[in-house]
Amino acid sequence: MTSENTTCNGIKAKLCALLKKKWFIGLGGLTVAFAAGIIFWGGFNTAMELTNREQFCIGCHEMQENVYQEYRNTIHHSNRTGVRATCPDCHVPKEWVPKVIRKIQASKEVWGKLTGSISTPEKFQAERLRLAQNEWRRMKANNSQECRNCHNYDSMDYAEQNRRGAVMHQKGFADGMTCIDCHKGIAHNLPPIEQHIGAERDAVPPEVMHPSVAPKPEAAASPAN
């Protein structure tokens, strides 16, 4: 019995001595920090991925009742191949650092939800142009990266495109344009904006545009019945 106690006490003494060594304390601290880092990273990445799903994006009625309903009527939602582009595919970068930056920027939307800034269709329409312009600027700045994750310029077969699309794509790429320069409103209704196509211009009398319809002098001089 005495021998066992002596052995036990010896082991305890060695263990205590080991625990008091600085290098062992440092190693233990590093181990704990490493484990905590893994737990934090896993939790952070999991939370980010959960907020990067379509169901999360349309979880609030502001999105569910407005832009989501518009998106459901586009080819990005339903098409013959069944390949879909969901909300995060278009609005969240896939690269990790840009994704984190985008998430931080999007945190302002929480404040919008709390204050009810677009809580009704009327409020949403009033803010729609400003919100759309913000997104257009973001996509312009990153060269429409989210579009190009699926639509690769180098893989385009212009022979399979209609004539106008093939010409405009090649001209646009040569001029340094990016997808969002032309493809606004492709997945959501386009808010009222001035465009170089179909812009309002000064009215021109019909007789100037079409001389054949100009009234004859005798008809203009005849008294009204």
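## Close-up views of a predicted model

**View 1. Asn143 sits in the loop that runs between α9 and α10.** The names come from DSSP: a helix is a run of H or I with at least four residues, a strand is a run of E with at least two, and numbering starts at the N terminus. What you're looking at is a predicted model, in which local features need a pLDDT of at least 70 and side-chain atom pairs count only at pLDDT 80 or more, while totals for chains, interfaces and linings use all residues. Residues are numbered from 1 along each chain as its sequence is written, and side-chain values use heavy atoms, with hydrogens and water left out. Now, back to the loop. Asn143 has a phi near 60°, which is positive even though the residue isn't glycine. Most residues other than glycine have a negative phi. With 33% relative accessibility, Asn143 is classed as partly exposed; on this scale buried is under 20% relative accessible area, exposed is over 50%, and partly exposed is in between (1.4 Å probe, protein chains only).

**View 2. Ser144 is in the loop between α9 (121–141) and α10 (145–148).** Is Ser144 buried or exposed? Its relative accessibility is 0%, so Ser144 counts as buried. Phi of Ser144 is positive as well, near 50°, and this residue isn't glycine either. A polar atom of the Ser144 side chain lies 3.3 Å from the backbone nitrogen of Cys179. For comparison, a polar contact is a pair of N or O atoms within 3.5 Å; within protein, one atom must be able to donate a hydrogen and the other to accept it, and residues adjacent in sequence count only if both atoms are side-chain atoms. If you skip the neighbours within four places in sequence, Ser144 is in contact (heavy atoms within 4.5 Å) with Met139, Thr178, Cys179 and Ile180.

**View 3. Lys99 and Glu49 form a salt bridge, with their closest N and O atoms 3.2 Å apart.** Helix α7 (residues 96–106) holds Lys99 and helix α2 (residues 22–50) holds Glu49, so this pair ties together parts that are 50 residues apart in sequence. A salt bridge here means a side-chain nitrogen of Lys or Arg within 4 Å of a carboxyl oxygen of Asp or Glu. Lys99 is buried at 9% relative accessible area, whereas Glu49, at 32%, is partly exposed. The whole structure has 11 salt bridges.

**View 4. Arg128 and Glu70 pair up through their side chains in a salt bridge, 2.6 Å from N to O.** Distant parts of the chain are linked here: Arg128 belongs to helix α9 and Glu70 to helix α5 (residues 67–71), 58 residues apart. Both partners are buried.

**View 5. Glu146 makes a salt bridge with Arg138, at 3.2 Å between the closest N and O atoms.**

**View 6. A nonpolar patch on the surface is made of Phe40, Trp41, Phe44, Trp96, Val97 and Ile101.** Together these residues have about 620 Å² of accessible area, worked out by the Shrake-Rupley method with a 1.4 Å probe; for residues, only the protein chains shown count as cover. α2 and α7 are the elements that give two or more residues to the patch. Patch members have over 30% relative accessible area and no salt bridge; nonpolar side chains (Val, Leu, Ile, Met, Phe, Trp, Tyr) are joined within 5 Å, and like charges within 9 Å. Phe40, found in helix α2, counts as exposed at 60% relative accessibility.

**View 7. Ala85 is placed in the loop between α5 and α6.** Ala85 is buried, at 12% relative accessible area. Leaving out residues up to four places away in sequence, Ala85 touches Tyr71, His76 and Cys90. From Ala85 to Cys150 is 65 residues in sequence, but 8.9 Å in space, C-alpha to C-alpha.

View 8. pLDDT is the predictor's confidence in each residue, from 0 to 100. Over the protein, the mean is 79, and 72% of residues reach 70 or more.
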